[in-house]
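Morning, everyone. Let me put the model up on the screen.

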Amino acid sequence: MTTINKNYLKLPGSYLFSNIAKKVSAYQEAHPQDQIVRLGIGDVTQPLAPAVIDALHKAVDEMARGETFHGYAPDLGYEFLRTAIAKNDYADRGCAISADEIFVSDGAKSDSGNIQEIFGVDNKVAVCDPVYPVYVDTNVMAGRTGEYNRDRENFDGVIYMPCLEENGFLPELPKETPDLIYLCFPNNPSGAAITKERLQEWVDYANKTGAVIIYDAAYEAYITEEGIPHSIYECDGARTCAIEIRSFSKNAGFTGVRLGFTVVPKDLVREGVRLHDLWARRHGTKFNGAPYIVQKAGEAVYSPEGKAQLKEQVAYYMRNAHYIYNGLKDAGYSVSGGVNAPYIWLKTPRGMTSWEFFDHLLEKAHVVGTPGSGFGAAGEGYFRLTAFGSYENTQEAIRRIQAL
Ligand SMILES: Cc1ncc(COP(=O)(O)O)c(C=O)c1O
């Protein structure tokens, strides 16, 4: 008889955002007159930039003619896109990454979830706490963790690195040595950013211990301050210890279009094997390429018009971030994030739990955010608001919170 992958049974209950959706729809049903403002899910709301739309239209027209039709994309992605990425995201920032070290994909969620496949099941995983849940859950599914521990509200066998107010929401080098280290900066959910010096410490640590860093830079476009690295490859020695994952979702609004990429440098070798070769094998076997029209849209992100339009779009969201940050500060909240990231992380008032504050905000202000505890035990007592709403809704939400 068929058996199942029992690791899946270790995963507790339903997913954070479906819990939130259930609570919000129950509230809306009971109070149909209330106008709810949603600053919960990290999904964008602005339309695609005109340069991207033009590229999509042109690519669709190409698909309509035999001479310009495109079928399966090349395994690593189209050369035109990988070259644009290598130049704009890496060479222009002084990072030595070549086009053939870039693997184009359908987004950072799949890549950050799938990358663990090329590592042994006995690898010890370290994650920040709070954390983007995909890193943990995919390692649970793969059998790289123990059981879910209901008291601690996390998994046995995982190294959790608490990111709290005391340490500026940045992880400290763990006491127990990990094999795989997941880092995400600028961070979801805390909005914290890491300086180049601090990231260099992690790179040096990984090179010393032989660990591999999986660096999720999905929010790189939101960096506004000097001294904050846009890529881990800005650090010396990162080519021998780090894989970087990027997304077009937040810098270009591709959440519904789907495009991302992963960089695996050829110098990254473990047990005598290039991880680049393993990921190429995995990619070639299990992925059949992001659509041509989407990769053309991705290329437009790097055109002069695309860059200018997207700079404006990111600035639009960051204006929201500043509005939320300052509005909450004025109202007496303890707030962080929002400077190099579209997320604002606030401490719940009067010792409320994250979910108590969620209910409070929903019932009294009709504003939806995300309970920090949904991102890990160390997120308890915190709450995330996103800057991805409209400016009007953002203002309205802050006005209501201030009036509480
Ligand atoms: C840290 C982080 N990585 C990856 C993703 C997913 O990105 P994508 O839309 O490219 O799958 C998200 C989405 O919210 C995220 O917050």
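Ground rules. This is a predicted model: local features need pLDDT of at least 70, side-chain atom pairs count only at pLDDT 80 or more, and totals for chains, interfaces and linings use all residues. Residues are numbered from 1 along each chain as its sequence is written.

Core first. The largest nonpolar core has 119 residues. By nonpolar core I mean buried Ala, Val, Leu, Ile, Met, Phe, Trp, Tyr and Cys residues joined through C-beta atoms within 7 Å. Buried means 20 or more other C-beta atoms within 10 Å of the residue's own; exposed means 12 or fewer; partly exposed is in between, with C-beta atoms placed from the backbone. V127, I213, I243 and I344 have the most contacts inside this core. Helix α10, residues 304-330, gives the most to it, with 7 residues. Helices here are DSSP runs of H or I, at least four residues, and strands are runs of E, at least two, numbered from the N terminus. Where does the core lie? Between domain 1 (9-47 + 305-402) and domain 2 (53-303), because both give residues to it. Those domain bounds come from an automatic or database domain assignment.

Now strand β9, residues 242-247. 6 of its 6 residues are buried. A242, E244 and R246 sit on one side, with I243, I245 and S247 on the other. β9 runs parallel to β8 (residues 212-216), with 4 bridges, and antiparallel to β10 (residues 260-263), also with 4 bridges. Strands pair if DSSP finds at least two bridges between them. I214 stands opposite I243, and S247 stands opposite G260. Beyond four places in sequence, I243 touches residues including I115, Y215, V264 and L275. Contact means C-beta atoms, placed from the backbone, within 7 Å.

Next, helix α6, residues 196-209. Which of its residues are buried? L199, W202, V203 and A206. They cover an arc of only 100 degrees around the axis, so they are on the same side of α6. That arc uses directions from the helix axis to the C-beta atoms. Their cover includes β7 (180-184), β8 and β9. The face turned away carries exposed E197 and K208. G210 follows α6, with a positive phi near 85 degrees.

Last, W355, in helix α11 (residues 354-365). W355 counts as partly exposed because it has 18 C-beta neighbours inside 10 Å. Leaving aside neighbours within four places in sequence, W355 contacts P371 and S373.

How values were computed
Contact = placed C-beta atoms within 7 Å.
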